[in-house]
Amino acid sequence: MNLADMTALELGAAIKKGEISAVEAAKFSLGQIDKYNSRFSCFVTVQDDVLQRAEEVQQKITSGEYTSPLAGVPMGIKDNMCQKGIQTSCGSRMLGNFKPTYSATAVEEIMKAGAVPLGKLNMDEFAMGSTSETSYFGATKNPWNVNCVPGGSSGGSAAAVAAGECFYALGSDTGGSIRQPASFCGVTGIKPTYGSVSRFGLVAYASSLDQIGPLARNAADCAAVLGEIMKQDKKDNTSVATKGVALDAVLHTDVKGMKIGIPTDFFGEGLDKEVAASIEAAAKQLESMGATVEKFDMPIVKYAIPAYYIIASAEASSNLSRYDGIKYGYRADDFEDLLDLYTKSRSEGFGMEVKRRIMLGCFVLSSGYYDAYYRKALQAKALIKGAFDKAFEKYDLILGPVAPTTALKIGENLSDPLKMYLGDIYTVMINLAGLPAASVPCGFDGKGMPVGMHLIGNYFDETKILGAAHAYQQVTDWHKRTPTELENR
Amino acid sequence: MVITDELVTYLEALGRIKLPEESRAKAQSDLQEILQYIDTLSELDTEGIEPMSHALPLTNVMREDEVQPSIPTEDVLKNAPAQKDNYFLVPRSFE
């Protein structure tokens, strides 16, 4: 049995059958982390209780308490989800010493399913970035090419799955932070409908857009993870009741007869030719499987980035005002008075990108500019949602690229924030509309870097998205390829 | 919209942050560039469109007012950078 090639569900089934124990699986993953973490820097923290937890889980699997198909499978958690007693630093110096006294609901739910968490995964500071380079703890590297970024902000989550350091990971997506790194690292990831996974215990960036979701080796694994964490939660007042994800339905989806729309405006200036060709090829593949594929216009696309950066920065500036150097987090050593304590602690605790977004947020919310920026952005958001509502009257799914390019070189966009923001063109609209969307591996560019296709569904259509992705993965092998950088794969 | 040095100082004050001296000029030009791009939004006709905070209709979630244990003081203070006698410790703010 070669664990390196197994999916989370395959490993879960092998554990259930007693072919391998949860402890052996955990030992394997710890070995992978030993082997690769110095090279890719996916994990910020590796837990010291992994084997203990694995033993406990194994006992509960044997006794019949844990029945989830994922029980005993080693996994990782993005470093912005609170986990009791485990450093949760959000990629920031500000929370470098923060050990939550409670766990996020999503973490508790996955623990109830018998997860064996290995540790916390690297990310852009406070999830602000698309490259995982803004982390205070250093940049994560892309396992397909260590000179490239893994994408962001859930770059550690995507790279750890791609490198085989864990079998699945939890990430979060505010403007593409699950889907874009999934695309850059050749793994499958889904951001579910807004409100379907509790945000309780997720360190807030932009609360009206933040959503937790899984990254894994394929669509079926994503469905299994989502099935465990999509639960309504009284502790999150934007949490909604959903019909969940039906794993069995995902596994038996036929795309025959499905209507898939492709917005022509997704194929404008800035889209890499090789990425475009991969998406076109994926559309043809789906067509050959019996889906109807048709192009349509969605001119609102060009206003998505401005609207997103206004709304996200506004909410960030407000959310991050809690970091005052008093209740928790970093406090500067020397200060004259209370205001000086706030200012110095925040200036030393936050990195440049976070400061930039706080200032941008303060600007768009400030007196005299509120109507022209913030209010206008909320109107644009209504128009974006309207455009999707109209499209879903006609189509089951919308298909397009996840990102305009494949993974960029490390450092390429770090000094040019606007260029980095423009890379979010296809993903941010989905968060503004609150829709579910997945990134599914669909090819490689000439340099051998993975390309992901974006499958966008209507509200609560996670089963349909992952079902179509699963059907696609039955006839393609893009998701099965592994980076040549890895040994013994 | 022109981002002046004064505006940068004002935004620093609003956000309770101070940029390092050596990155001020770059921050100013970056903000200018970002804002210029964001200004394309002004072309969009939003006449009569209701601003939307949430894409899905949300209703207030009510729950029974049951007495439940509070977070213990010890836990609340666990991550505090400074504490004294079961309180957060802050510099003197009243004279």
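**Basis.** I worked on a predicted model, in which local features need pLDDT of at least 70, side-chain atom pairs count only at pLDDT 80 or more, and totals for chains, interfaces and linings use all residues. Residues are numbered from 1 along each chain as its sequence is written, while chains are lettered from A and ligands numbered from 1 in the order in which they are written.

**Chain B, elements and extent.** I looked up the secondary structure and found 3 helices and 2 strands in chain B. Helices (H or I, at least four residues) and strands (E, at least two) are DSSP runs, numbered from the N terminus. The pattern along the sequence of chain B is α-α-α-β-β. The C-alpha trace of chain B spans about 55 × 45 × 25 Å along its principal axes. Of the 95 residues in chain B, 17% are buried (20 or more other C-beta atoms within 10 Å of the residue's own, C-beta atoms being placed from the backbone).

**Chain B against chain A.** I found 42 residues of chain B in contact with 54 residues of chain A (C-beta atoms, placed from the backbone, within 7 Å). Helices α1 (5-15) and α2 (24-38) of chain B each supply at least two residues of the side that touches chain A. α2(B) gives the most to that side, with 7 residues.

**The sheet of chain A.** I traced an open sheet of 11 strands with mixed pairing, in the order β1-β3-β2-β4-β6-β5-β10-β11-β9-β7-β8 (chain A). Two strands pair if DSSP finds at least two bridges between them. β1 (43-46) and β8 (292-296) of chain A are the edge strands, each pairing on one side only. I also looked at β7 (residues 259-263) and β9 (residues 397-401) of chain A, which run parallel and are joined by 2 bridges. Gly261(A) has Ile398(A) as its bridge partner in β9(A).

**Helices on the sheet.** Helix α5 (residues 155-162) of chain A packs on the sheet and makes about 155 degrees with the direction of β4(A). For such angles, axes are lines fitted to C-alpha atoms, for helices over the stretch in contact, and angles run from 0 to 180 degrees between N-to-C directions. Helix α7 (residues 219-229) of chain A also packs on the sheet, touching β4, β5, β6 and β10 (437-444) of chain A.

Note on methods
A residue is buried if 20 or more other C-beta atoms lie within 10 Å of its own, exposed if 12 or fewer, and partly exposed in between; C-beta atoms are placed from the backbone. Two residues are in contact if their C-beta atoms, placed from the backbone, lie within 7 Å.
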